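Colleague: Could you take me slowly through one part of this model, the strands and how they pair with one another? I would like a connected account that I can follow with the structure open beside me.

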Amino acid sequence: MPSPPDENHEVAERALIDIAVESWRFSRVFIRLANKLDAGEAARYASQFRYFHRKVEESLTAIGLTLVNVEGQPFDAGMAASPLNLGDFGPEEILLVDQMIEPIIMGPNGLIKTGTVMLRKAHLS
């Protein structure tokens, strides 16, 4: 018996979300590698990377989803992201999101998937 259309849509949406999250992770590795290349070669690969990233975002947008990156923003306990290293800091320390390990994914009706982040202390001047 074939799956109902709503179930097929949910399976396809979940698959696209999984691909988007894995492409996010891979992009971080790709950026670190590209930073080790000479400027000319790095520029060529950066262009290809931007194209790939744009296609992933267009695919998500087509079904009403958005990747949210909160890198560099102040961390708030109500943020839709789970910090991996929160225990490394005291309760009074002001923290920033240093790195997104997995992006936050929002849909038309709100949060679809919480992100995963690494934190760092904010350096106040």
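Predicted model: local features only at pLDDT ≥ 70, side-chain atom pairs only at ≥ 80, totals over all residues.

Modeller: The part you ask about contains an open sheet of three strands, arranged in the order β2-β6-β3 and with mixed pairing. Because β2, residues 81-83, and β3, residues 95-102, each have a single partner strand, they stand at the edges, and one side of each is left without a neighbour in the sheet. On average, neighbouring strands of this sheet are turned by 40° against each other, direction ignored. Looking at one of these pairings in detail, β3 runs antiparallel to β6, which spans residues 115-121, and the two are joined over six bridges; within this pairing, Glu102 is found opposite Thr116 of β6. As a general point, the side chains of a regular strand alternate between the two faces of the sheet.

There is also a hairpin to look at, formed by β4 and β5 with two residues between them. Here β4, residues 104-107, pairs with β5, residues 110-113, in the antiparallel sense over three bridges, and Gly107 has Gly110 in β5 as its bridge partner.

Between the C-alpha atoms of Leu60 and Ser82, which are 22 residues apart along the chain, the separation is 22 Å.

Key. Residues numbered from 1 in each chain as written. Heavy atoms only, no water. Pairing = 2+ DSSP bridges. Helix = DSSP H or I, 4+ residues; strand = E, 2+ residues; numbered from the N terminus. Axes fitted to C-alpha atoms, helices over the stretch in contact; angles between N-to-C directions.
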